[in-house]
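Here's a quick briefing on a two-chain model, sorted by topic. Have the structure open while you read.

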Amino acid sequence: MSVIKVENLTVQYAGEETNALDGVSFEIEKGEFVALLGAHGAGKTTLCLSLNGIVPNMINADMYGAIEVLGEVPPKIPVRQLAAKVGSIFDNPEFQMSQLTVFEEVALGLQNLGVDKDTIEINIKESLKLVGLEGFEERSPFEISGGQQQRLAMASALAMKPEILILDEPTSNLDPIGKEEVFSVTRSLNQEEGLTVVIAEHEVEVIAEFADNLILLENGRINEIGTPQEIFPKFVDYQEAIGVRVPQVTELATKKDNLFSGVPVTIEESFRMFKK
Amino acid sequence: MTNIKVANLQHTYPNGVVAVENVDVEIKQGEQISVVGQNGSGKTTLVKHWNGLLKPTQGTVHIGELETSEHSVNVLARKVGYVFQNPNHQIFAASVQDELEFGLRNIGNSEEEIKEKVVAISEEFGLTEYLATNPYRLGFSLRKTVGMASIIAMEPDVIVLDEPTTGQDYLGIKAIRSSIKKLKEQGKTVIVVSHDMPLVAEETDRVLVMCDTNLIFDGTPSKLFSDQSILSQTNLLPPQITSFMQKVNIGVEGESFLSVDDALKAL
């Protein structure tokens, strides 16, 4: 069952000459983990912002084509209403914080939706647990680490019980511990809780391990859609052209194909495929 | 020639938090150094002593002949250029041209020298077509390039790059790496503060690892990535290619492979 359907989607920002997205079509199934790859300006952020309705509802742009998310048409419903079904995480967690305590931060979205007090308390408890921040309720959102802030942003989104999570470079400002925290929470939300995940991310080694499918964007168009195993080996010689790196073991195995029984994209595969 | 000498450095912030202690380190002109460690380990505090943004609360820091506690940032900045992680904290001029000119004028270049140097640096960094543009109209990656170019234009002996590859895509990272290579050829000291292990492995010769306010490792990337105790203590993850070569047991004890090219040669 597809939860996201995009057909021939074109987005042009006011005052820009070129299209940020240019005739993009794809579908995403329920429970899929999909990574968006591409250089800066390829359209990853615009695509994320179109899926949660921020474009064109809050950021002005002309939009053509069809887009459907969980049966809703994002441009046609208020962003706040869609946020209950589609949680969004951005690259600067501190910009998303506004409250004095972690508890209030998570409560904010629920209050805006008019959820009753008892449900709010239960949802906050559950969502903080999902991201491993139990016991942080009374802490200030500004005095916790970057990884904790980003997980708090995730908890705020999760409290509304969304079915889809959209993450736009969620780890680009985090240290290695913070990155690992955010990736592992994202993975367990996908695998244990069945959330559909759409993530724009440059860390290809991690993406190779987590993602079911990749959407490779280039100048606002889709260059290719497929599994990491299908996509990465094809682009070993075109990393510069597409502005995306491939995992190091993929490059190694492609250039030394006599030593490998296939082309790996993860470290485990590389070890298994290496002919000793 | 600007060597850096840190002796028994301690830095305690006004609120009483000790951010760095017991650090002794010497950096020679022309070295390519990386400073790594988790956020809060003290690495940024350490590095900010090298252009005088912070002064030791105990111990001394020498930049060449100058003891930093006796000189202002203005004087020290001519020797050590600091490129901020977030270009928005650094850039304030209304055009790329003005931004590049500002530092040059500030350190006393003539108008003629300024003109020449701006032409040269903007060509080097691919900024020529943006000279009239407001830096805030540029994307993050290009804005970061402007921040870097405006510091390098002043030709300091030492250049500190704070998280240069954060938020950059593959091409942005490539551009930064080639700038580092060029600076190395010019004999500059390059110090990168970074979580980007492939960058650390491939572009620097010596790594300083900070952990809980202390300098706990000072050696080559090759040694660092073979030192399991330091890696687990600091949660550092070697590049994927390094881990692969370790897993298949190729190479010598105590050293590591640092790049795909390295590994290709050995296989």
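Chain B of this predicted model contains 11 helices and 10 strands; helices here are DSSP runs of H or I with at least four residues, strands are runs of E with at least two, and both are numbered from the N terminus. Residues are numbered from 1 along each chain as its sequence is written, while chains are lettered from A and ligands numbered from 1 in the order in which they are written. Since the model is predicted, local features need pLDDT of at least 70 and side-chain atom pairs count only at pLDDT 80 or more, whereas totals for chains, interfaces and linings use all residues.

**Chain B as a whole**

- Along its principal axes, the C-alpha trace of chain B spans about 60 × 45 × 30 Å.
- Of the 267 residues in chain B, 46% are buried. Buried means 20 or more other C-beta atoms within 10 Å of the residue's own, exposed means 12 or fewer, and partly exposed is in between, with C-beta atoms placed from the backbone.
- Take the contacts in chain B with a separation of 6 or more: 63% of them join residues 24 or more positions apart. Two residues are in contact if their C-beta atoms, placed from the backbone, lie within 7 Å.

**Spots to look at in chain B**

- Leu9(B) sits in strand S1 (residues 4–12) of chain B and counts as buried because 23 other C-beta atoms lie within 10 Å.
- Leaving out residues up to four places away in sequence, Leu9(B) touches Val20(B), Val23(B), His49(B), Pro56(B), Gly59(B) and Val61(B).
- Leu9(B) and Lys55(B) are 46 residues apart along the chain, and their C-alpha atoms are separated by 9.6 Å.
- Asn8(B) also lies in strand S1 of chain B, but with 12 other C-beta atoms within 10 Å it is exposed. Its phi is positive, near 50°, in a residue other than glycine.
- Glu155(B) is not a glycine either, yet has a positive phi of about 55°. You'll find Glu155(B) in the loop between helix H5 (140–152) and strand S7 (158–162) of chain B, and its 16 C-beta neighbours inside 10 Å make it partly exposed.

**Nonpolar cores**

- A nonpolar core is a set of buried Ala, Val, Leu, Ile, Met, Phe, Trp, Tyr and Cys residues joined through C-beta atoms within 7 Å. The largest has 80 residues, and Leu36(A), Ala155(A), Leu165(A), Val198(A) and Leu216(A) touch the most other members.
- H7(A) supplies the largest share of this core, 6 residues.
- A second, separate core holds 68 residues, including Leu9(B), Val23(B), Ile33(B) and Ala149(B).
- Beyond residues up to four places away in sequence, Leu165(A) touches Gly87(A), Ile89(A), Ala157(A), Leu189(A), Leu195(A) and Val197(A).

- After H5(A) comes Gly114(A), with a positive phi near 80°.
- The peptide bond from Val55(A) to Pro56(A) is cis, with omega near 5°, and Pro56(A) is found in helix H2 (residues 54–57) of chain A.

**Domains of chain A**

- Domain 1 (2–245) and domain 2 (246–276) make up the assignment for chain A; the bounds come from an automatic or database domain assignment.
- The centres of these two domains, taken over C-alpha atoms, are separated by 30 Å.
- In the contact between them, 12 residues of domain 1 meet 8 residues of domain 2.
- On the domain 1 side, H9(A) gives the most, with 4 residues.
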